[in-house]
Amino acid sequence: MRSVAPQRFRQVIGRFPTGVTVVTAMSADGPVGMTANAVTSLSLEPLLLLVCFDNGSRTLPLVRGSGRFGVNVLARGQEDLARRFAGKLPEAEKFDGVPYSLDDGVPVIEGAHAWLGCDLTELLPGGDHTIGIGAVVAAELGVGEPLVWYSGSYSALR
Ligand SMILES: Cc1cc2nc3c(=O)[nH]c(=O)nc-3n(C[C@H](O)[C@H](O)[C@H](O)COP(=O)(O)O)c2cc1C
């Protein structure tokens with residue numbers, strides 16, 4: 001029986017280019033967020049989107065608690081934000097100095113390429129991750145060009 005090492009899986013699936021998002025929520029202590037690329041449109045009728053949360057992510061319980069989350073599609077030039085929200089700064093500090101507004105109850109990062117607001121409808125187990133399904137309640141276009149994640153690095157479309 002063939003088996004695939006986790007590192008190999010990461011290397012090969014890394015050949016699938018994705019955008020880069022910051023999944024946000026409003027907690028009792030303010031805005032929170034984490035960088036995520038395991039984000040997929042799921043259904044058109046009804047409108048559903050899914051996000052895969054690492055079970056160790058601190059954002060996951062806060063999304064569960066708020067029942068609502070935002071998906072901020074980052075623009076080229078927002079790599080610093082991608083790195084910041086991929087790190088483990090205390091949650092309360094992640095948004096320090098990051099301009100955002102609250103729209104439909106979710107933090108929207110200024111300068112995002114696009115954003116969606118979702119009501120959390122389901123959390124399903126997926127190995128060491130949890131699949132969060134959201135009903136899309138807001139969808140807006142922003143500015144600029146997308147930031148791309150490919151083969152373990154940030155890049156741009158051209
Ligand atoms: C490009 C990129 C994509 C990522 N995608 C995901 C993802 O889809 N789901 C996830 O749980 N973590 C993902 N991560 C890792 C999280 O951003 C990281 O674990 C972060 O520290 C989580 O923050 P939190 O503990 O404050 O929630 C990604 C990191 C990078 C750099």
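**Buried strands, a ligand site and salt bridges**

Asn72 and Thr24 meet side chain to side chain in a polar contact of 3.3 Å; a polar contact here is a pair of N or O atoms within 3.5 Å, where within protein one must be able to donate a hydrogen and the other to accept it, and residues adjacent in sequence count only if both atoms are side-chain atoms. The model is a predicted one, in which local features need pLDDT of at least 70 and side-chain atom pairs count only at pLDDT 80 or more, while totals for chains, interfaces and linings use all residues. Residue numbers run from 1 along each chain as its sequence is written, and side-chain values use heavy atoms, with hydrogens and water left out.

Back to Asn72, which sits in strand S6; helices (H or I, at least four residues) and strands (E, at least two) are DSSP runs numbered from the N terminus. Asn72 counts as buried because its relative accessibility is 1%, with buried meaning under 20% relative accessible area, exposed over 50%, and partly exposed in between (1.4 Å probe, protein chains only). Its side chain also reaches the backbone nitrogen of Ile109, at 2.8 Å. Setting aside residues up to four places away in sequence, Asn72 touches Val20, Thr21, Val22, Thr24, Pro107, Val108, Ile109, Ala112, Ala114 and Trp115, contact being heavy atoms within 4.5 Å.

Strand S6 (residues 68-73) also holds Phe69. With 0% relative accessibility, Phe69 is buried. Beyond its neighbours within four places in sequence, Phe69 has contacts that include Val23, Thr24, Leu49, Val51, Val63 and Val106, and also Leu116, Gly117 and Cys118.

Over in strand S3 (residues 30-36) is Gly33, which is buried at a relative accessible area of 2%. Gly33 and Lys94 are 61 residues apart in sequence, yet their C-alpha atoms are 7.4 Å apart. Lys94 is also among the residues that Gly33 touches, as are Val22, Val23, Thr24, Thr59, Phe85 and Phe95, not counting residues up to four places away in sequence. Thr18, in strand S1 (residues 18-19), is buried too, at 15% relative accessibility. The Thr18 side chain makes a polar contact with that of Asn37 at 3.3 Å. Thr18 also touches Leu147, Val148 and Trp149, again leaving out residues up to four places away in sequence.

Next, the ligand. There are 18 residues around it, and Thr35, Asp54, Thr59, Lys88 and Lys94 come nearest; a residue is near a molecule or strand if one of its heavy atoms lies within 4 Å of it. Taken alone, the ligand exposes 650 Å², and the protein buries 85% of that; areas come from the Shrake-Rupley method with a 1.4 Å probe, and for residues only the protein chains shown count as cover.

As for charged pairs, the count comes to 3 salt bridges, each a side-chain nitrogen of Lys or Arg within 4 Å of a carboxyl oxygen of Asp or Glu. Arg68 bridges to Asp104, with the closest N and O atoms 3.8 Å apart. Arg68 lies in strand S6 and Asp104 in the loop between strand S7 (100-103) and strand S8 (106-109), so this pair ties together parts 36 residues apart in sequence. Asp119 also forms a salt bridge with Arg68, at 2.6 Å between the closest N and O atoms. That pair links distant parts of the chain, Asp119 being in strand S9 (residues 114-126) and Arg68 in strand S6, 51 residues apart. Arg68 is partly exposed, with a relative accessible area of 22%, and so are Asp104 at 38% and Asp119 at 26%.

The remaining pair is Glu145 with Arg76, whose closest N and O atoms are 3.3 Å apart. Glu145 sits in the loop between strand S10 (129-141) and strand S11 (148-150), and Arg76 in the loop between S6 and helix H3 (79-86), 69 residues apart. Shared partners join Arg68, Asp104 and Asp119 into one salt-bridge network.
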